[in-house]
Amino acid sequence: KNRIGFPDPLQPKAVKEGKEYGLKYAKAIASQWGSVEQDNSLMRRRSKVFDKNRSYANGTQDTAIYRQLLTSMDPNNGDGSFLNLDFTPVPILPKFVRIVTNKILSSDPYPNLEAVDPLSSSEKDRERRKTEALVRNKQSLKKIKEKLGVDIGKVDDVPDTLEEAEIFIENNIKSSSEIAAQIATNMTLRWNDFNDTTYRRCVNDLVSLGMAVVKRSNDPGYGIKTDYVDPAKFIHSYTEDPNFGDLVYAGHVKKIPVQELRRIAGDQLEEEMLAEIAKKAAKKYNYDTTDMNKSSYDSYLQKYKFGYDEYMVEIMEFEFKAVDCKYFESKRSRFGNEGFYDKGEKYNGPSDSVYERSVSKLEMETVYGGIYIMGTDCVINYGLKTNIPKNAHDLTRANLSYSVVATNLENMIPKSMVNSCIGFADQLQLTHLRMQQAIAKAKPDGIIIDIEGL
């Protein structure tokens, strides 16, 4: 199958904001990764590895290889007729996965924030010098308090040495901006049940699959959300970075009912288009096509319900980085005042200006994204993303909404701890089966009488 090329990244902002550009980009991503149904696609190869790892991590791996090795004189064509053994997998790796996962989960997932701006740093330096002075004069302050009986503060709470003072400062002294950011971060994570749901699933994925993915989003009803993403459905540009810091595009594929698609699309899709999408889904997943002609009016909700509302359709949430240019002009007026003006994407200053001018070009990374309905020509909720994370040291750079980490990434497929232990698990399973085999072939308990000797 021929691959679809990516659109020109040097197009102006007005073109990149159009749905046609977004549709081309989405189709190029889908073409590059393929689908699970395609044998040689990257999506299929990664899914096969992840499915195998998950089956071993759950203790439900395929026992066909053990049957071929133990139930026939011909190991390559075993028919299971030689011995009657219990081939239920021994839960070796599931216990290992639980131990490693619970060890990681025992640590606090909430981050410790620290302000690095000059104002907060100077405030911390003042507190540090104040604490160090109290440590040096602790004994003298104690004597003054005993002799004069004057309350000069909690002298007993002051550390005894400068080393203890450094630890005390790091753990107890925070600026107002750090405290506010810490409270906001902790509240956001608690609202999303991050510790109980997302964090646990991600740690389990990291142990079993070698990759964990979280997506941040801004919901008008719920605020900042952190959503779990199945690594088997995650797609991204080529990278060799285990932290995925150099991604150009990223996205994930999931299935939702037509009813949910209608909700998130709003007025972007007509009912005829939704029916056409449902028809393609029915053909792909063998749904009952008689539901296509069923409909009823819900007087309570005051809207029609259609038979195909429960059909599942495959969508791809995607986003990609782009570079948009802006021009600014510094101009001096006839009164000697200098102003700085935004001139938009394209600007050529006049060559015969009376007043002094200088043009500055600013290149800023931006993020575009939307939702592509797989197998169609429909893109919804596409456009320039807002409230995107920025680099703290360079505001011209932007980050995608996905936070990803992987272990031992090679050829776009990570290698997990479970994957490294599969060989040992197979050997232990075979040992367990051979013990059953030896017991089955052993002589039964009883008395041996040598008749000839008698």
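**Labels and the values behind them**

Q: Why is Cys 325 called partly exposed?
A: In this predicted model, Cys 325 has a relative accessibility of 24%.

Q: Why does Cys 378 count as buried?
A: The relative accessibility of Cys 378 is 8%. Buried means under 20%, and therefore Cys 378 is given that label.

Q: How many disulfides does a search of the whole structure find?
A: The search finds 0 disulfides. A disulfide would require a pair of cysteine sulfur atoms within 2.5 Å.

Q: What makes the rings of Tyr 25 and Tyr 249 an edge-to-face pair?
A: A search of the whole structure finds 14 aromatic pairs. In the pair of Tyr 25 and Tyr 249, the ring centres are 6.3 Å apart and the planes stand at 75 degrees. Centres must lie within 6.5 Å, and planes over 60 degrees apart count as edge-to-face, so the name applies to this pair. Tyr 25 belongs to helix α2 and Tyr 249 to strand β4, 224 residues apart. Both Tyr 25 and Tyr 249 are buried.

Q: Why is the pair of Tyr 285 and Tyr 287 called tilted?
A: Their ring centres are 5.9 Å apart, with the planes at 40 degrees. Planes under 30 degrees apart would be stacked and those over 60 edge-to-face; the angle of 40 degrees therefore makes this pair tilted.

Q: How do you know that Asp 205 forms a salt bridge with Arg 54?
A: The closest N and O atoms of Asp 205 and Arg 54 are 3.3 Å apart, and the cut-off for a salt bridge is 4 Å. Asp 205 lies in helix α10 and Arg 54 in helix α3, so the bridge ties together parts that are 151 residues apart in sequence. Asp 205 is buried because its relative accessible area is 4%, while Arg 54, at 23%, counts as partly exposed.

Q: What makes Lys 284 and Glu 314 partners in a salt bridge?
A: The N to O distance between their side chains is 3.2 Å, and a salt bridge must be within 4 Å. Lys 284 lies in helix α12 and Glu 314 in strand β7, so the pair ties together parts that are 30 residues apart in sequence. Lys 284, at 44% relative accessibility, counts as partly exposed, whereas Glu 314, at 18%, counts as buried.

Notes. Residues numbered from 1 in each chain as written. Predicted model: local features only at pLDDT ≥ 70, side-chain atom pairs only at ≥ 80, totals over all residues. Heavy atoms only, no water. Buried < 20%, exposed > 50% of the residue type's maximum accessible area, 1.4 Å probe, protein only. Phe/Tyr/Trp six-rings, centres within 6.5 Å; stacked < 30°, edge-to-face > 60°. Helix = DSSP H or I, 4+ residues; strand = E, 2+ residues; numbered from the N terminus.
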